[in-house]
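Please take a moment to look at the sequence and the structure on the screen.

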Amino acid sequence: MGLKFSLLAGSTVVLVAIGLPAQAATDPYDGSWHFSVTPYLWLPAMSGSVDTDTPGRPGPNGEPRQIKVSGDVNPDSYLSNLQMAFMLNALARKGPWSIGTDIIYTDFGDQDTKLRTIAGPEGRFSTEFARNAKVDISATIWTLAGGYTVVREPTWNMDLIGGFRYLTMDSSLNLSRQDTTGQYVGARKVSMDGDAWDGIVGARGQILIRDTPWFVPYYADIGTGSSNWTWQAMLGLGYHFNWGEATLAWRAIGYEFDDDNVDLTLNGPALGVTFNW
């Protein structure tokens, strides 16, 4: 139901946008307030790794034995379990000053996870390893940043930005383990819940293809705070209409945390339609 609704809503936005009447183009740098809103659909592949203790026999010095689990979740596995998704970008500008926000909310049910590696103590491959894995994720990523235009040329422009990104995640990884004979020997649940506030700096802008309505949007930021570090990057191809833009882009967001050596990366295609006024 959630997937069908998301795809129908995205298709409706695109069709309605194409049918809107043309309006006179305005200069966003004319000193008046200008606003834009971009609903979009982003379908990232999720990859990550986490260190976790294994139940059972401890190590030679009595310490818990650890394994490092690394895996992937792709759109073809999570779309069928998508419960809800909301993705929106908005920007307000007055002259060279701007403030922009981006919010992503996703809620997935249990979905199969493709495990890439399971490394045992000291890097050795564990004799008991996960044959089956499922992940349950709900997450919100909110970015808010102010900007100032430092380049405004006929063929390109750039804003330097500064702000913050907030991540809240409720996730769990369930591993079903078998021994080398194929016998079930237990299960392990790894939770990666928590919040993270990070300050960010970066740049955003467009490269304009001269004498055409086509342009190349770009965005990049990096930051730190609650996480060890976080980053985001986007590069796409867009088309200017009198009422706004349509953009197809590749987007990626990454996090690294000290706790349990958790790494998380989301990357994939995004399709958005921007309405200006």
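This is a predicted model: local features need pLDDT of at least 70, side-chain atom pairs count only at pLDDT 80 or more; totals for chains, interfaces and linings use all residues.

I begin with the core. In general, nonpolar side chains of soluble globular proteins tend to be buried together. Here, the largest nonpolar core comprises 18 residues. Within this core, the residues with the most contacts are Trp42, Ile104, Leu167, Ile253, Tyr255 and Phe257. Which strands supply at least two residues each? They are strand S1, residues 33–42, together with S7, strand S8 at 156–178, strand S13 at 244–256 and strand S14 at 263–276.

Consider Phe257 in more detail. Setting aside neighbours within four places in sequence, Phe257 contacts Leu167, Ala196, Ser226, Ser227, Asn228 and Val262. Trp42, another residue of that core, has the charged end of Arg251 over its ring, 5.0 Å from the ring centre.

I turn now to strand S1. In a regular strand the side chains alternate between the two faces of the sheet. On S1, the covered face carries His34, Ser36, Thr38, Tyr40 and Trp42. The uncovered face carries Trp33, Phe35, Val37, Pro39 and Leu41. S1 pairs with S14 in the antiparallel sense, over five bridges.

How many aromatic pairs does a search of the whole structure find? The search finds 11. In one of them, the ring centres of Tyr239 and Phe241 are 5.0 Å apart and the planes stand at 55°, so this pair is tilted. Both residues are partly exposed: Tyr239 has a relative accessible area of 28%, and Phe241 has one of 33%. Ring pairs also join Tyr239 and Phe241 with Trp214, Trp243 and Phe275 in a cluster.

Is Val151 buried or exposed? Its relative accessibility is 16%, and the limit for a buried residue is under 20%, so Val151 counts as buried. Beyond residues up to four places away in sequence, Val151 touches Trp156, Asn157 and Met158. Between Val151 and Pro96 there are 9.6 Å in space, C-alpha to C-alpha, although the two are 55 residues apart in sequence.

That concludes my presentation. Thank you for your attention.

Conventions
Residues are numbered from 1 along each chain as its sequence is written. Side-chain values use heavy atoms; hydrogens and water are left out. Buried means under 20% relative accessible area, exposed over 50%, partly exposed in between (1.4 Å probe, protein chains only). Contact means heavy atoms within 4.5 Å. A nonpolar core is a set of buried Ala, Val, Leu, Ile, Met, Phe, Trp, Tyr and Cys residues joined through side-chain atoms within 4.5 Å. Helices (H or I, at least four residues) and strands (E, at least two) are DSSP runs, numbered from the N terminus. Rings of Phe, Tyr and Trp (its six-membered ring) pair if their centres lie within 6.5 Å; planes under 30 degrees apart count as stacked, over 60 as edge-to-face and the rest as tilted. A charge sits over a ring if NZ of Lys or CZ of Arg is within 6 Å of the ring centre and within 35 degrees of the ring normal. Two strands pair if DSSP finds at least two bridges between them.
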